[in-house]
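Here's a walk through one protein chain, written for someone who likes to check things by eye. Have the viewer open as you read.

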Amino acid sequence: MKYAYHFTYTANGEVKTANGSNGDFDFALTEGKNSLKAVITPKTDIMIHSFFVEREYVFADDSRFFANGFQSWTDTREFVKSDKMDGLNTVGKSLYGRINGINYVGDYSFVNEEKEAGAFHSHGLAYVRNGDEIDFFGSLTDRTGYTVIYADMNKNTLKISKDVEGVTISEPYKLLDMFLMQGEYGEVFDSYFAAMGVKPITQEKIKGYTSWYNYYERINEDVILRDLDSLAKYKDSVNIYQIDDGYETRVGDWFSIDPKKFPNGIKHIADAIHEKGFKAGIWIAPFGAHKRSQLAKEHPDWLIKYPNGKPVPVGHNWGGFYGLDIYNDGARNYIKSVFNEVLNVWGFDMVKLDFLYAASVIPMHGKSRGEIIYDAIDLLRECCGDTPILACGVQQMPCFGKVEYMRIGSDMSLGWTHNLLRKNMHREDVSTPNALRNSIYRRCFNGRAFLCDPDVFLLRRTNIKFTPEQQGVLAEFIKLFGKVLLMSDNIADYDEQQLATFHHMMDDEDTELVAVKEENDIVFIDYLDRGEAKMLKFNVVDGTIF
């Protein structure tokens, strides 16, 4: 297949563009049966600005392009030619969005927004599907930089780029290392992960409780212990009880526990969870620091900074926060001390690590964004040892084979449809439709790279906008598409029907996906439940159940 390539770089103080070997470097592009590799060998120091290869690709009228989103929360799905990919919306582009760095939650700072229908981009891997036939393109590693795959169905082109902005090379450098294959869905993904040598760390499901989707940050000792006591009656069905955000005084100040909410501290909570026979889980955003945190005030040198020395805002949550520079010795040692406290002093058995994208929002220290996030995940694995990690708000590929569990979609809302504000945020915002679509289209990762977390099932009748019928369908959906089965309800409030659904979710009865299809926003899921053929059918956008 004929590929053209484009390379922009700086050598000897001059910005240059090239499409072939020259006096500054030699370039080799080799294509095998299932591979595409690009290697550049510099003859002088070269700072890379941009690189991509491009080829003709004829899309059929009914072709579907799978676009994998940038991080856990980014919407992920198959697109057809008439679809338009969302970008950063009104709030994200506003002064509020710029002040709080909402553009860094996704890929908006380094990937051009598609302006027309029929043009899409995907991170790390992509495929074109024609009927049951998959034409697959996947990077074998993004450690040197993110691989971004662009499809333009209008111009019939396919482009593979590497985000290596800011990287300086003086030795042979592998720009692309791609796995290519045609075949059926399962066959292709089995072969891809085998080629990477990636396997999941565990096959053990998480089953239990998380505090977030009922109380959010409004947790306290009384609520946590009350719900724990209620769940203890069902301990034979459950293996974990997880505390989410809200126990710390500010994000980043992890040793500072809110004394009003938790007067006896957090070790007291972990001990109580263990006494009830559960593993204890806790939420942390290890690379985040609230703008008004003591950490940010006392250690501004630990923060990621622009070249002008100002700290980089990396999101609007909690009123705005910064990211920690994992290459700063003080920040790195602080992160290690936090995990030592959480695991060895407080005694938690699992950590939900969130907002991890914050470590790699800009190139720095001569490293690409991709290299930074790989280093960040390696740091977390070092800190946690054998303690299971549920990763969230993070790029997928750097976590392949590195974390036990992975959130593969956005946060669920407490109702099905978007409100006006949510429609005008960004591709990573809270969204039940996006959470469902991500679970469908990232099912390829489940049991191959890690165990997938499709998000919670909720059965309570208060503080919720789902109908009981929707709750039942969502619960069945989550059991089919993931291995992390958590709820956020006080189970003492369940009636017999809700308890029956809860027990169905927690038992290990055999359920098996047979076929998944989406047409005009209607999702059809064929599956086997203990050998009996069943179907889920619903409108993924408005929640209509058929």
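This is a predicted model: local features need pLDDT of at least 70, side-chain atom pairs count only at pLDDT 80 or more; totals for chains, interfaces and linings use all residues.

Residues are numbered from 1 along each chain as its sequence is written, and side-chain values use heavy atoms, with hydrogens and water left out.

**Cavities**

How many cavities of 30 Å³ or more are there? The count comes to five. A cavity here is a set of points, on a 1 Å grid over the protein atoms alone, where a 1.4 Å probe fits but cannot get out; lining residues have an atom within 4 Å of a point. Volume is the space filled by probe spheres set on the points, with grid points joined across faces, edges and corners.

| Cavity | Volume | Lining by class |
|---|---|---|
| Largest | about 80 Å³ | four nonpolar, six polar, one charged |

To find the largest cavity, look for its lining residues, including Asn 68, Phe 70, His 123, Asp 142, Tyr 146 and Met 397.

**A helix pair**

Two packed helices are described by the angle between their axes and the distance between the axes. Helix 8 (residues 329-345) and helix 9 (residues 369-384) have axes that come within 9 Å and cross at roughly 35°. Helices (H or I, at least four residues) and strands (E, at least two) are DSSP runs, numbered from the N terminus. Axes are lines fitted to C-alpha atoms, for helices over the stretch in contact, with angles from 0 to 180 degrees between N-to-C directions.

Contact means heavy atoms within 4.5 Å. From helix 8, Arg 332, Ile 335, Lys 336, Phe 339 and Leu 343 meet Leu 379, Leu 380, Glu 382, Cys 383 and Cys 384 of helix 9. That contact has seven nonpolar, no polar and three charged residues.

**Positive phi**

Most residues other than glycine have a negative phi. Asn 156 has a positive one, near 55°, and sits in the loop between strand 11 (146-152) and strand 12 (157-163). Asp 521 also has a positive phi, near 75°, in the loop between strand 26 (511-519) and strand 27 (522-529).

Buried means under 20%, exposed over 50% and partly exposed in between (1.4 Å probe, protein chains only).

Leu 158 belongs to strand 12 and is buried, with a relative accessible area of 2%. Its C-alpha is 5.5 Å from that of Arg 55, 103 residues apart along the chain. Leaving aside neighbours within four places in sequence, Leu 158 contacts residues including Val 53, Arg 55, Phe 59, Phe 65, Phe 137 and Ile 149.

Ser 109 lies in the loop between helix 2 (95-99) and strand 8 (119-123) and is partly exposed at 34%. Not counting residues up to four places away, Ser 109 touches Asn 103, Tyr 104, Val 361 and Arg 369. Val 361 is 252 residues away along the chain, with 8.6 Å between the two C-alpha atoms.

How values were computed: On a 1 Å grid over the protein atoms alone, a cavity is a set of points where a 1.4 Å probe fits but cannot get out, and a pocket is an open set with protein on both sides within 12 Å along at least five of seven lines; lining residues have an atom within 4 Å of a point. Ala, Val, Leu, Ile, Met, Phe, Trp, Tyr, Cys and Pro count as nonpolar, Asp, Glu, Lys and Arg as charged, and the others, Gly among them, as polar.
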